[in-house]
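Here's a walk through a multi-chain model, one chain or element at a time. Have a look at the sequence and coordinates first, then read on.

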Amino acid sequence: MEIGLILDRLKQQFGERIVGADLEAADPWIEIAPTALAEVARLLRDDPALRFDYLHCITGVDYVQPDAKKAKNFPWEVHFELLYHLSSMAHGHRLVLRVALPRWQGGVEGQLPEVRTVSDVWRTADWHEREVYDLSGVRFAGHPDLRRILCPEDWEGHPLRKDYKMAEEYHGIRTR
Amino acid sequence: MRERMIAEYLTTRYGLPGWLAYGGVALVQCLILLGIMMFAAALFTWMERKVAGRIQDRLGPTRVGGRFGWLQSVADGIKLLAKEDLIPKEADAVLFRLAPYISFCAAFCVYLVLPFSNGWVAQHLNVGVFFIVAVAGLEVFGVILGGYSSGSKWSLYGAMREAAQVVSYEVPLGLCVVIPVMVAGTLDLVAIGNMQRGWGVNWLVFHNPFLFITFFIYALCTVASTNRAPFDLAEAESELVAGFLTEYSGFRWSVFFMAEYGSMYAMSGLGSILFLGGWHGPIPVAEMLGLTYANHAVLGWLGDLLGACNFLFKAFLGVASMMWLRWTLPRLRIDQVMTTCLKYCVPLAAAMFVGTMLWTYALPGGLLPRSTPMGAVAEAPPWTAPRAARGE
Amino acid sequence: MPLLNQPVSLSHYLVVGAILFACGILCMATKRNAIGVLMGVELVLNGAAVNFVAFSAPFLRGDAELALGLDGHLMTLFVIVLAAAEAAVALAIALCYYNTHATIDVDEGDELRG
Amino acid sequence: MINWHTFFFMLFATITCAFAVAVVVSANVVRMAVCLIASLAAVTGLYFLAAADFVAAMQLMIYVGGTLVLLVFGVMLTARGPFVSMKITPANWLMAGLAGGALLILLLCAAVSVDAWKTAAVAESAAGREGGHTVARIGMALLGLRVDALEQPNPALRGGMAGYLLPFEIISVHLLVVLVGAAHLARARRTKKPIEPPSGTSRAA
Amino acid sequence: MAVERVDPELVEFDVRTDEMLINMGPQHPSTHGVLRLVLRTDGEVVSSVVPHIGYLHRCAEKIGENVSPRQWIPYTDRMDYLAGMNMNLGWAMTVEKLMGLEVSEKTRHVRVMVCELNRIASHLVAAGTYGLDLGSFTPFLYCFREREKILNLFEAVCGARLTYSYIVPGGLIADLPPGWLEACERCLSELEAVVPELHAVLTSNEIFIRRTAGVGVLSPEMAIDYGCSGPVLRGSGVKWDLRRDGQPSVAGMYEDYRFEVIAQAGGSYPRDQEYPPVPPAAVLGDCWHRFYVRMLEVVQSIGLVRQAMEKYRRSADAVSEPIKITQKLPRGEAYLETEAPKGQMGFLVIGDGTAIPWRVRARSSSFCNLSVLPEISRGCLLADIPAILGSLDIVLGEIDR
């Protein structure tokens, strides 16, 4: 299915909640509102014309420039973004789903942003969401087992956030 | 029996006190057997490396002790002795220390009644077969205790597997042992060996087709009961780290090892007596050369020596084929091991038992015409008969 | 203690049998562990078996013609076989007991329900 | 004058009794099993000395081998922390000791009561050498044929020497029944309790 | 396509034993590195498996945000360290996609050659260690002997035997040395003779079949749902190979090559080579099929290398030059997956106009392949755990990154 048709199909179903799209990019993407994620995901997977049965990857990207000197040239708005790379084995088409989130929930430092899990749609998401939670700090509501996966369970902070500062010590081990 | 002659000679000729003469002779016998067992273990550790190396397209040991690395076992031994001997904190220290020696003693006890040639046996029991099967089964205690007392879950798994496996395989093993015993009509190993004198067709394995099959079941059960690959589940290194050996190191570990090799050799020896003619080769060379007691005592002794070499070689072949199996086959799973035993070996062995029974009833004398030994029929020397038969 | 200075005779064996028997009784009485009790039974049976074997050996006693001979051996064999059977059943019961009570403490098994 | 028969008898008797006592004293089930093995194995030695070679081998194979592997198996299936050792009260010990001691004294008195039992008939040197030769005769006896009856000098006793075919058959059937029964008993009808999903924080040893 | 979960607790037990939690790893001999599995067992039966990963986490993505794409190449080597070439390729092509670079024909064929050789090497390790997991030591050494020859070839190409950094964004660090093609042909013909031996000691060995057939069955739906890829996916009968089905640049790399996707479809494997028959006990998606797919891919890759050598000889242009370390990346993002030996290795790069990427992401195939382990190993026996784990052929360096 043409990527434009996919966009039309989604717009027709979700209207306002499809926030944006770029169909000309190297990897065409559609941005949706965080509230629509679970429903969009389910539609993408189940609609016989779409059949996005394969979730490749979930990526959390932190857009903030902690260095004040470089901040004025910073090309993006400050926000946090989730990328879902999908494809369909049945139809052979690809799509990137984009979800923009606040860096902190309600703007309160330390409150992780929250989004609905898709691990009940694609089981791949189970471990990938854990990884995003662990390294980038996003809470996935409804995830069956949201624990850290790569870092130790008592690790502090989320290393792939741009403003992450590693603790000086971990259990008496100097870290730098 | 020979030892009693020597002891009596020592007392009468040199006036040694009886306890010293008998005790000394018994001690020497034990030392000889221990030596054989140790030597076998050392030889087999070296050989295992060589065989493994050759099968795997490598050379194996080449450096220690010259071209073939034949001192490798000595180097290994020294290394093992020098290693730190650890006892885990969770372990039951007494049992942990004791376990390897239990295994070793059980393996050693087999040698006490195993005849190496016509009458060359430390203790001539007329229930020899029975005794060996019983004692060989005791080796499992060391393994179970070692696994239990290590205080490690992997060891416990190894011990449980060993217990289940050995208890199951004792049944077909016992059945397989009983079949040649039934044909021979005696439990006396020396007598069983001597009745296969002459050409190779006299070997019990060729007695009838059922015995021929039984031999292979026996071989399978031997591999399983000595815990060798593909039945080495108790120490399956890819599953249980090292099974019951996980927490052992240094000397105690090597004692377990010696017990394993010792019992491999002993069970192969038992197999060669029960099925493959024991100390009688396929061609009665000793009798052709006139090395019999009928000609001269010394010649007879030389004939026995030839027989002993024959026996040792056959047992050695058995061990070598066990090694061949080990380095060729993947390991079975525990349920498959039990299935092999209970669904195939036991019924098959039982069928062979019935078959042999019917055969000996209907066609006494065997499949192939029994050859008579060359030349004069050499009577066994008087001391080979059990005591009571000699009317002492 | 004069027994210690005499050549081995039937009485020696009977003493060993008696000690085994008494140890078995003690074991059965003092162990709360079902398997411990089972081991006590094994000891008792073995004490009896020793006596049978001893009585059957003619050369151990002055009145050799009264020796049990093979009958003693056969009785011992039956004792051994029955002991093995008994061990299997007792072990099965112990396992079954453990399955329902999650313990093998025999003192815990006094309630009358399955 | 000590001879080999006496020496080995004393050795095996000491081991037997010492480990039997150890079975009673020891509190750990696995150690009890080990002591029992040692004790029963030493009894094997006593049987050999008493010229009962077939019985000795049977003892080694069935008792020491079979029964105890089963036993150790059972111990390990059920032995877990608190169940391995269970303490009992001193009062229990006292009662048991009294009963056991009384029995022991009674048996010991009986053991030394008959004079003929205290004198070995055969010369001591020969006693140790009289290797048993019982296999064939036991086999025949189990089939109902008492070949040893021919050796019995006393014709009055010869009459009582019946074969053992019927007991042998009964024992065989009994063993079969016992095996089936044991297998049936051990098959616990398990209540399928759901296994709670393991939490990630579980620390496994 | 929600996968129906089989109730793992439906296992009948004869004797109740105590449930035991045991720790398999991180120092266990058959967890293929520092993987820790917490097994909940009842006797020999494993009722649940919980993998714990991260023991080898080296913050590769964080490092990627601080170095330029060329500098990050050695870090990709250390992801799947058994297939460094394929890791290099994945990252190089992703950066090329972002920058819109094209490589020369000659470069393309060299890339195919080394990547397929590395696929062979990786599958040989998988086959050898799988034998080890099942208790058969000998095939391991046979496989490593052949792998050594391939490593010798790589050493001649780039000087390294494990961490090559040979394929870089823009091209290659060097052309093939003289005489290399002949050495490669020798290596391939020796390897061809060994494959039947491996089939004899492993694939068609009776014990091997009994240990692997019907064990750890992964249905095709479940495989797709869990994002499995590579031989794990194809072992379940899904005809999906990025060399054919991938993004245009990936599929384009193989466009004039003849090969078939190795997967059982319509009841049989593609008949482009001689191989032992599928045993009747094997179920599609079990350990045996996953192993079998790898073995067939070895032979197929030999053919691909041969084709690439032929095309390399015929191509007239030169090898492309790599980009500079200080080369600025355009603003934008690119995600690309390539078919690595273990599965689909994906890289994401987001450029912000400087030489250093804003965000780098590595999508690991072993990561997804491992995540099905709890699902397919419930209710199996303890001895099946190494068998299943080995058939997934994971590399912890890639999972933990």
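## Chain E overall

Buried residues account for 60% of the 401 residues in chain E, where buried means 20 or more other C-beta atoms within 10 Å of the residue's own, exposed means 12 or fewer, partly exposed is in between, and C-beta atoms are placed from the backbone. Bear in mind that this is a predicted model: local features need pLDDT of at least 70, side-chain atom pairs count only at pLDDT 80 or more, and totals for chains, interfaces and linings use all residues. As for bookkeeping, residues are numbered from 1 along each chain as its sequence is written, while chains are lettered from A and ligands numbered from 1 in the order in which they are written.

Chain E has 16 helices and eight strands (DSSP runs numbered from the N terminus, with helices being H or I of at least four residues and strands being E of at least two). Its radius of gyration is 21 Å, close to the 21 Å from the globule rule for 401 residues, so chain E is as compact as a globular protein of that length. That radius is taken over C-alpha atoms, and the rule is 2.2 Å times the number of residues to the power 0.38. Along the principal axes, the C-alpha atoms of chain E fill a box of roughly 70 × 45 × 35 Å. Take the contacts in chain E between residues at least 6 apart in sequence: 73% of them join residues at least 24 apart. A contact here means C-beta atoms, placed from the backbone, within 7 Å.

In what order do the three strands of the open sheet in chain E run? The order is E6-E7-E8, with antiparallel pairing; strands count as paired if DSSP finds at least two bridges between them. Strand E6 (332-340) and strand E8 (359-363) of chain E sit at the edges, each pairing on one side only. From one strand to the next, the twist averages 10°. Strand E7 (residues 343-351) of chain E is joined to E8(E) by five bridges, and E:Ile350 has E:Arg359 in E8(E) as its bridge partner. Helix H3 (residues 84-99) of chain E lies across E6 and E7 of that chain, running at about 150° to E6(E). For such angles, axes are lines fitted to C-alpha atoms, for helices over the stretch in contact, and values run from 0 to 180 degrees between N-to-C directions.

Then there's helix H15 (residues 384-392) of chain E, which is mostly covered, with nine of its nine residues buried. Among them are E:Asp384, E:Pro386, E:Gly390 and E:Leu392. Just after H15(E), E:Asp393 takes a positive phi of about 50°.

## Chain C and the largest core

Chain C has three helices and zero strands, giving the pattern α-α-α along the sequence. Of its 114 residues, 64% are buried. Among chain C contacts between residues at least 6 apart in sequence, 50% join residues at least 24 apart.

Which residues touch the most other members of the largest nonpolar core? Out of 369 residues, they are D:Val23, D:Leu46 and D:Ala50. Helix H3 (residues 70-101) of chain C gives the most to this core, with 18 residues. The core also draws at least three residues from each of domain 1 (1-111) and domain 2 (134-186) of chain D, the bounds coming from an automatic or database domain assignment. By nonpolar core we mean a set of buried Ala, Val, Leu, Ile, Met, Phe, Trp, Tyr and Cys residues joined through C-beta atoms within 7 Å. Leaving aside neighbours within four places in sequence, D:Leu46 has contacts that include C:Tyr13, C:Val16 and C:Val50, along with D:Phe9 and D:Phe12.

## A strand pair in chain A

Strand E3 (residues 54-63) of chain A is largely enclosed by the rest of the structure, because nine of its 10 residues are buried. Nine bridges join E3(A) to strand E4 (residues 79-87) of chain A, and the two run antiparallel. A:Val61 stands opposite A:Glu81 in E4(A).

## Two loop residues in chain B

B:Lys83 is in the loop between helix H3 (72-82) and helix H4 (93-113) of chain B. With 13 other C-beta atoms within 10 Å, B:Lys83 is partly exposed. B:Lys83 and B:Gly250 are 167 residues apart in sequence, yet 4.9 Å apart in space, C-alpha to C-alpha.

B:Tyr293 lies in the loop between helix H11 (285-288) and helix H12 (297-326) of chain B. B:Tyr293 is partly exposed too, with 19 other C-beta atoms within 10 Å.

Note on methods:
Two residues are in contact if their C-beta atoms, placed from the backbone, lie within 7 Å.
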